Amino acid sequence: LRDGANVTGDVVSRSEPEVASGATIGGETERIQTNFNWDGFGWVGRLAWWLAVSVSTLVVGLVLLWLVGRGSRGIADAGRTGIGPSIGWGLLAFFGLPILAIVALVTIVGIPLGLGLLFALGLIYALGYSATAWIVGRSIVREPTAWILAFLAGWGILRILALVPVLGGLVGFAAVVFGLGALLVGIWRARTISRAAPATA
């Protein structure tokens, strides 16, 4: 409110009201909070978010490994023997998919693809995170130990690290990137082997 402004009632705003010395307000000034603030809940909000991510990545990881079956060995091998390609392809997927979705939204024909890709990003990133949990777990808990125990070991390590401020965020980002890349490398290797098999038969 500038100099000379005269408000007979209340002043309500989303941000802190700026009232000049020459302005007069007949009522009260009030600020309305319009965005949800997790920080207001302190450690309870952070714990709730940690639990939500933990449950989602646990479920996604178990379903992923159950669906791929023996293909899970290819994912673990890609993570152990293709570290460089996994990082490179993972970075490309992590940053490239959102950009692709935004570019698709610009064109009328690509709007369904762009929206679908944006909505699927959470699941895609969860797959990458779960893949890294599997690679870490299988590197520590070797065969013939059950795959589910190996996954739980890797998943537990990542979720414990997620509780550490700053480090948890960095580890989470690295896990998503590396896991996405390992998935892509594993798929590429599997397709290459399947194509070469008939030629050598």
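How many aromatic pairs does the count come to? The legends below get there step by step.

**Figure 1. Overview of the predicted model.** This is a predicted model, in which local features need pLDDT of at least 70 and side-chain atom pairs count only at pLDDT 80 or more, while totals for chains, interfaces and linings use all residues. Residues are numbered from 1 along each chain as its sequence is written, and side-chain values use heavy atoms, with hydrogens and water left out. The protein has four strands and six helices, running β-β-β-β-α-α-α-α-α-α from the N terminus. Both kinds of element are DSSP runs numbered from the N terminus (helices: H or I, at least four residues; strands: E, at least two).

**Figure 2. Surface and contacts of the protein.** Of the 201 residues, 31% are buried. Buried means under 20% relative accessible area, exposed over 50%, and partly exposed in between (1.4 Å probe, protein chains only). Contacts are heavy atoms within 4.5 Å; of those between residues at least 6 apart in sequence, 53% join residues at least 24 apart.

**Figure 3. Close-up of helix 4.** Helix 4 covers residues 111-140, 30 residues in total, and reaches 44 Å from its first C-alpha to its last, close to the 44 Å expected at 1.5 Å a residue. That expected span is 1.5 Å times one less than the number of residues. Look for the kink of about 45 degrees centred on Leu121, where the bend is the angle between axes fitted to the seven residues ending there and the seven starting there.

**Figure 4. Close-up of the aromatic rings.** Rings of Phe, Tyr and Trp (its six-membered ring) pair if their centres lie within 6.5 Å; planes under 30 degrees apart count as stacked, over 60 as edge-to-face and the rest as tilted. By this rule there are four aromatic pairs. One of them, Phe94 with Phe95, is edge-to-face, at 5.0 Å centre to centre and 80 degrees between the planes. Phe94 counts as buried because its relative accessibility is 17%, whereas Phe95 is partly exposed at 46%.

**Figure 5. A ring pair between helices 3 and 6.** Phe95 and Phe173 form a tilted pair, 6.3 Å centre to centre with 55 degrees between the planes. This pair links distant parts of the chain, 78 residues apart: Phe95 lies in helix 3 (residues 83-106) and Phe173 in helix 6 (residues 167-200). Phe173 is partly exposed, at 34% relative accessible area. Ring pairs join Phe94, Phe95, Tyr125 and Phe173 into a cluster.
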